[in-house]
Amino acid sequence: MIDDDVVARLREICLSLPEVVEKPFGGHTAPSFRVREKLFLMTSEDGLTMMFKAGPGVQEALVGSDPGRFFVPAYVGSKGWVGARLDSEQDWDEIDELIRDSYRLIAPKRLAALVDQGGFH
């Protein structure tokens with residue numbers, strides 16, 4: 001199981017964004033985060049990984065540059081999602097930016113614009 005501090009940090013980043021709710025995915029109990037009922041971050045049931053949406057080319061760049069930390073997840077990898085292993089040392093500034101990017105891709109434009117304006121940190 002993953003360290004509670006990691007989950008707490010993910011929760012803090014996600015819930016700081018406009019209109020985000022924590023709601024498990026399907027029959028799972030692991031934390032997942034949504035904006036307007038659309039998922040932008042999921043964690044695995046064992047807590048060892050998270051998956052997030054990324055823009056074109058980002059998945060290839062992350063997995064190519066650090067395959068020990070990033071991977072192409074099953075099911076959603078073909079849709080541009082990226083997996084990140086949480087049981088290794090993290091660059092939390094990078095994780096924060098990746099989560100914000102995922103949010104911007106999923107959220108309605110009006111909400112995404114609030115993040116772009118720097119009103120949410």
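1. Helices (H or I, at least four residues) and strands (E, at least two) are DSSP runs, numbered from the N terminus. Tyr75 is not a glycine, yet its phi is positive, at about 70°. With 76% relative accessibility, Tyr75 counts as exposed; here exposed means over 50% relative accessible area, buried under 20%, and partly exposed in between (1.4 Å probe, protein chains only).

2. Before going on, a word on the ground rules. This is a predicted model, in which local features need pLDDT of at least 70, side-chain atom pairs count only at pLDDT 80 or more, and totals for chains, interfaces and linings use all residues. Residues are numbered from 1 along each chain as its sequence is written, and side-chain values use heavy atoms, with hydrogens and water left out.

3. Of its 15 lining residues, Phe25, Met42, Met51, Ala74 and Tyr75 are the closest to the centre. A pocket is found on a 1 Å grid over the protein atoms alone, as an open set of points where a 1.4 Å probe fits, with protein on both sides within 12 Å along at least five of seven lines; lining residues have an atom within 4 Å of a point.

4. What is the lining made of? The residues divide into ten nonpolar, four polar and one charged. In this scheme Ala, Val, Leu, Ile, Met, Phe, Trp, Tyr, Cys and Pro are nonpolar, Asp, Glu, Lys and Arg are charged, and the others, Gly among them, are polar. Strand E3 (residues 38–43) supplies the largest share of the lining, with three residues.

5. Phe25, one of the residues closest to the pocket centre, belongs to the loop between E1 and E2. Its relative accessibility is 39%, so Phe25 counts as partly exposed. Leaving aside neighbours within four places in sequence, Phe25 is in contact (heavy atoms within 4.5 Å) with Ser32, Arg34, Leu39 and Met42. Phe25 and Met42 are 17 residues apart in sequence, while their C-alpha atoms are 7.5 Å apart in space.

6. Now for the sheet. Six strands form an open sheet in the order E1-E2-E3-E4-E6-E5, with antiparallel pairing; two strands pair if DSSP finds at least two bridges between them. E1 and E5 stand at the edges with a single partner strand each, so one side of each is left without a neighbour in the sheet. Helix H1 packs on this sheet, touching E1, strand E2 (32–35), E3 and E4, and its direction makes about 150° with that of E1. Axes are lines fitted to C-alpha atoms, for helices over the stretch in contact, and angles run from 0 to 180 degrees between N-to-C directions.

7. Five of its six residues are buried, so E3 is largely enclosed by the rest of the structure. On one hand, E3 pairs with E2 in the antiparallel sense over four bridges, and Arg34 stands opposite Leu39 in E3. On the other, three bridges join E3 to the antiparallel strand E4 (residues 49–53); Leu41 stands opposite Phe52 in E4, and Thr43 has Met50 as its bridge partner there.

8. Both of these pairs are hairpins. The hairpin of E2 and E3 has two residues between the strands, and Arg36 takes a positive phi near 50° in it. E3 and E4 form a hairpin with five residues between them, where Gly47 in the turn has a positive phi of about 75°.

9. Ser32 counts as buried because its relative accessibility is 1%.

10. Two last residues are worth a visit. Glu19 is found in the loop between helix H1 (4–15) and strand E1 (20–22); its phi is near 60°, a positive value in a residue other than glycine, and at 42% relative accessibility Glu19 counts as partly exposed. Arg100 has its place in helix H3 (residues 92–106) and is buried, with a relative accessible area of 6%.
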